[in-house]
Amino acid sequence: MSEQPAPVPRVTLDQAAKSFGAVRALIDGTIALYPGEAHALVGENGAGKSTLVKILAGVYQPDSGVLTVNGEPVTLSGPTAARGAGISIIYQEPTLFPDLTVAENIFMGRQPLRAGRRIDRAAMNRSVAGILARLGVVLDPQRQARGLSVADQQIVEIAKALSASAKVLVMDEPTAALTAVEVARLFEVISALRAEGVAVLFISHRLEEVFAICQRITIMRDGRFVRTAAAAAITVDEVIRAMVGRDLDVLFPKTPAEPGEVVLRVDHLSREGVLHDISFSVRRGEIVALAGLVGAGRSEVARAVFGIDRRSSGEVSVRGTPLPNGSPLAAMAAGVALVPEDRRQQGLVMDLGIDRNTALASLGRLSRFGLIRSARERDLAASWASRLQLKFGRLRDAVSTLSGGNQQKVVLGKWLAREPCLLIIDEPTRGIDVGTKAEVHRILDGLVTDGLAVLMISSELPEVLGMADRILVMREGRITAELARAEADEDTVMRAATGQPREAAA
Amino acid sequence: MTVLASPGPAGTGSRFARAGALLRAREVGIGVVLLVVFGVTTAHNHNFADANSVQQLLSGAALIAMLGVGETLVIVTRNVDLSVGSVVGLSAYVIGDLFSHHPGMPVILGFAVGIGIGAVIGAINGFITAALRVPSLVVTLAMLYIVRGVDGRVVNGVIIVPSNIPSAFVAIGFRTFLGIPWLAIIAFLIVVVVAYAMRSFRSGRDLYAIGSNPEAAALAGVLSARRVFTAFVFSGALAGLAGALFLALHAEVDVTAGTGYELLVVAAVVVGGVAIFGGSGTVVGAALGALLLNTINQALVASRVSSFWNEAIAGALLLGAIAFDRWLSLRVARGLRSAEGAHRDL
């Protein structure tokens, strides 16, 4: 059946484009989903996968391009229309109502009714119990959704789709936060759905999963469709090459490092329920990467080291001096800089100019008698703009006018202007186009060669493998492996990150 | 006064101990506190349990409870309606003024006018909040002042006196049925009907969904703007009705009628267990909260405690209720965090 797909696809999207202001999130979204087939959509972060999903969900209306359902061109005016067309979406972040019951979450807006348009609670709970039983999970339909584990939330989302008798099921990275057992359970569900003729769109970064359950693979890069192939007719290497679109050594210019003395030492760091007994060090002149799945606790390590979150036990010291608990100011004074993951919310003041943003973390040095001297502010910004090869019009232009990659350079410049000894950088190239990515990597490499210590958090495995001297793999709040550059590859890192038995701990 | 102040906190204290079990039944807790306040006050002043005194208590609470029902609909959607107090005043005065000039006007028309005025003001609130996406706190605060201003202009120093109001209308304010004031019966019916609707109709569940997670509500295809608009219209209409009943109860209206009700209502609703950030709470809880605040109020009067304590105690109760909620949710969050940690350890 999967070899010989039915002639009429359930859903097709042809050359769909979507822009947000100047940002072209999707340039050519093309895909065809056949009944009874699991279809993988792969691509790096920022490749346009999520935008394509939101078009199928009816959340975004494409600027151009054609969407068909069962061969008929359609316009989905909203999520309800998409659901009416038989398309159900399971988002990466579960979207539940914490105050309502599991059953209500599943049937919101579609509750079974009895006489007088009243909600038939008994029927609703019965039906949910039936769906949950079919999924093989023990979950009380009348339980509040607040406090459900991520895996159970995902189950609720799947039950939602099943209850709507979806013909097309889109899963946006459903396995990102699941354990191996839960993934296996999910795969059984997907197989069962396929057998019922449902078309499944499966988005995942884990290529082994993609090859395990999908019959067809579509690859996207930089907002564009690259190619679609039968899973049997393509290799993992070919997929990766199509995703990345260029050779890795151009993208990851890494100079072999000669690490110096220890800059950051973390001893038995714990935060109740989040981090458990984290110990590691970062030395002068090396990049240490924190790898792991979303939710493994990588950003939490950065937050606890920098003092944003209090640690419940453990010690953090910078150049031998212990950092007080819960004090970002003390961390900054000790020479630590943190470039956060979300640069628009946490890294930049979007409406301020490049000069102001660059100077923000160095105002103390730039002021005399409490007044900031704008000439020095401009000099500082100009010098970093040229060192980081920033592409800009004028220094006074608001940073919101810059591209993502150049915004990231401004955030980098802001912290580098403080001349830190340790740079913590969370997802350095998320949402940045490939060209600028390589530049950011070159900048990092140059900084490290000059003696900076870098702790890098990244979800992009190629980046981790390409840039790091050492890799710490995290899983569920613990460090499960420490790998030297030479011994790390996609397989060893993913195994440690997902807790697969073989060679799990280093 | 210290004797009287103690029952409230003591009652709350016993709830602290069984916090987990009562988490889902704030109504039970309020009921207990209510009985304690009532019992202790009666022990000190036997007149407090008089039929007359109880009827007064219920009539006063009925108005706040009615407003509390509308306010609950709004707060559950993560909004707030601060204009209700001024709507009560305007509605009461306009109806009274109509009766003064047209003595033969049917009673039912008086109610229709009050409800109409409230619904129109609610519709304006709802439109600006839902369609133009202005925070409801600002919108309804502005509306509070605007309506007060209009009220002052309309009243223009003239006071409505009982002799101008048809006796059939005033009768609604003081008549009883089987010893229960009509006002309380009306409020009770409203609470029952709305409580049922909030539980059993999709539109009611939509309100909870919107307040619980607005983004998820949009993804589930809930028509958020329409529902929020309707909630405001409803709150306004109930405030208009409360204005008519205010006139029936007091038969006397001046420009200060309904002043300060908005905060009293919000306090009652929050004490009644409606989460101020939306998503949870019931109109039954809100009505009980109104009854509790009014009972404490009357208990203080009956015990000859200075009326200043009245507001202070209402405030303390509010703080207590919010602190209690916060404490509970922190405890739940911490519990979940370590439970999840423990789960992962497996």
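Start with chain B of this predicted model: among its contacts with a separation of 6 or more, 80% are between residues 24 or more positions apart. Of its 346 residues, 48% count as buried.

**A helix pair in chain B**

Select residues 26–44 of chain B, which form helix H4, and residues 283–302 of chain B, which form helix H15. Their axes come within 10 Å and cross at roughly 15°. An angle under 35 degrees counts as roughly parallel, so H4(B) is roughly parallel to H15(B). The crossing of the two is left-handed.

Now show the side chains at the contact. On H4(B), select B:Arg26, B:Glu27, B:Ile30, B:Gly31, B:Val33, B:Leu34, B:Val37, B:Phe38 and B:Thr41. Their counterparts on H15(B) are B:Val284, B:Gly285, B:Leu288, B:Gly289, B:Leu291, B:Leu292, B:Thr295, B:Ile296, B:Ala299 and B:Ala302. Coloured by type, the residues of this contact divide into 12 nonpolar, five polar and two charged.

**Where chain B touches chain A**

Bring both chains into view. Chain B gives 24 residues to the contact between them, and chain A gives 24. On the side of chain B, select helix H11 (202–212), helix H12 (214–219) and helix H16 (307–345), the elements that contribute two or more residues. H16(B) has the largest share, with eight residues. By type, the side of chain B that touches chain A holds nine nonpolar, nine polar and six charged residues.

**The six-stranded sheet of chain A**

Move to chain A and select the open sheet with the strand order E18-E21-E22-E15-E23-E24, in which the pairing is mixed. At its edges are strand E18 (336–339) and strand E24 (478–484) of chain A; each has a single partner strand, so one side of each is left without a neighbour in the sheet. Looking across the sheet, the twist averages 20° from one strand to the next.

Within this sheet, pick out strand E15 (residues 287–292) and strand E22 (residues 453–457) of chain A, which run parallel and are joined by four bridges. For a pair to centre on, take A:Ala289, which stands opposite A:Met456 of E22(A).

**The four-stranded sheet of chain A**

Next, select the open sheet of chain A with the order E14-E13-E16-E17, where the pairing is antiparallel. Strand E14 (275–283) and strand E17 (321–322) of chain A are its edge strands, each pairing on one side only. Zoom in on strand E16 (residues 313–318) of chain A, which pairs with E17(A) in the antiparallel sense over two bridges. Here A:Ser317 has A:Pro322 of E17(A) as its bridge partner.

**A covered helix in chain A**

Finish at helix H10 (residues 298–306) of chain A, where nine of nine residues are buried. The buried residues include the charged A:Arg298, A:Glu300 and A:Arg303, along with A:Val301, A:Ala302, A:Val305 and A:Phe306. Step on to A:Gly307, which follows H10(A) and has a positive phi, near 95°.

Methods: Residues numbered from 1 in each chain as written. Chains lettered and ligands numbered in written order. Predicted model: local features only at pLDDT ≥ 70, side-chain atom pairs only at ≥ 80, totals over all residues. Axes fitted to C-alpha atoms, helices over the stretch in contact; angles between N-to-C directions. Parallel < 35°, antiparallel > 145°, perpendicular 65-115°, else oblique. Left-handed = near helix turned anticlockwise from the far one by under 90°. Contact = placed C-beta atoms within 7 Å. Buried ≥ 20, exposed ≤ 12 C-beta atoms within 10 Å, placed from the backbone. Pairing = 2+ DSSP bridges.
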